[in-house]
Amino acid sequence: MPAPQEPQDPKQQDPAVDTSEQMEVNQEQAAADDTNEQGVEAQSDEDWATLLSETQEKVAQYHDELLRARAETENIRRRAQDDVAKARKFGTESFAESLIPVKDSLEAALALTEQTADAWKEGVEATLRQLNTAFERNLLKDVAPAQGDKFDPHLHQAISSVPSEFPEGTVVQLLQKGYTIADRVLRPALVMVSSGKTAA
């Protein structure tokens, strides 16, 4: 009587079957991996294409803004040049207009053949007042330091330095008035400056 067969352990089945099944699983996994890689590559290509498109749009936008900024800068520069030219023109016209009455007064005075000294003096004083008014209208001011005023190298020009009773570095005598226009020096005042008292 043959001996009864023991049931086979599922783990001890035919190794050829296990190998075949494992190969099929590996092939399926490899196919799935290939599909995933292709999907990732396709997605990556789409991302790069989108990024490139967005970058190109930004470059075009920045280029357009740059051109606009350059055009605006050029317009501002031209307007500034026009404003400066107009300011010079109108400034000259205003100054010339204010001097016309002075010229009229001088010509009228010369046209008179018989005048007394007092009349001449009165006419000259009136003309000087007109000239001072013209200077004031155009921001033209005298620079006339008095004796004892501190020497200012920005407004004064020292012709010589002399000993005097005034402190050193102060004005002793005004030789010629200076002038400023809108706080800019047209001509410095010519002065003599004290070098201090001489030693006894």
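Here are some friendly notes on the sheet, the aromatic rings and the nonpolar core of this predicted model.

1. Ground rules. Residues are numbered from 1 along each chain as its sequence is written, and side-chain values use heavy atoms, with hydrogens and water left out. Since the model is predicted, local features need pLDDT of at least 70 and side-chain atom pairs count only at pLDDT 80 or more, while totals for chains, interfaces and linings use all residues.

2. Three strands make an open, antiparallel sheet in the order 1-4-5. Strands here are DSSP runs of E with at least two residues, helices are runs of H or I with at least four, and both are numbered from the N terminus; two strands pair if DSSP finds at least two bridges between them. Strand 1 (140–143) and strand 5 (184–187) are the edges, each pairing on one side only.

3. Strands 4 and 5. Strand 4 (residues 178–181) runs antiparallel to strand 5, and three bridges join them. Within this pairing, Y179 sits opposite R187 of strand 5.

4. Rings of Phe, Tyr and Trp (its six-membered ring) pair if their centres lie within 6.5 Å; planes under 30 degrees apart are stacked, over 60 edge-to-face, and the rest tilted. F95 and F135 form a tilted pair, because their centres are 6.4 Å apart and their planes stand at 45 degrees. F95 belongs to helix 1 (residues 15–111) and F135 to helix 2 (residues 117–137), so this pair ties together parts that are 40 residues apart in sequence.

5. The second ring pair. F135 also pairs with Y179, edge-to-face, at 6.1 Å centre to centre and 80 degrees between the planes. This links helix 2 to strand 4, with the two residues 44 residues apart.

6. Buried means under 20% relative accessible area, exposed over 50%, and partly exposed in between (1.4 Å probe, protein chains only). F135 is buried at 16%, whereas F95 is partly exposed at 28% and Y179 is partly exposed at 21%.

7. The nonpolar core. V143, V171, A189, V191 and V193 make up the largest nonpolar core, meaning a set of buried Ala, Val, Leu, Ile, Met, Phe, Trp, Tyr and Cys residues joined through side-chain atoms within 4.5 Å. Strand 6 (residues 189–194) supplies the largest share, three residues.

8. Around V143. Leaving out residues up to four places away in sequence, V143 touches several others, including L155, Y179 and A189; contact means heavy atoms within 4.5 Å.
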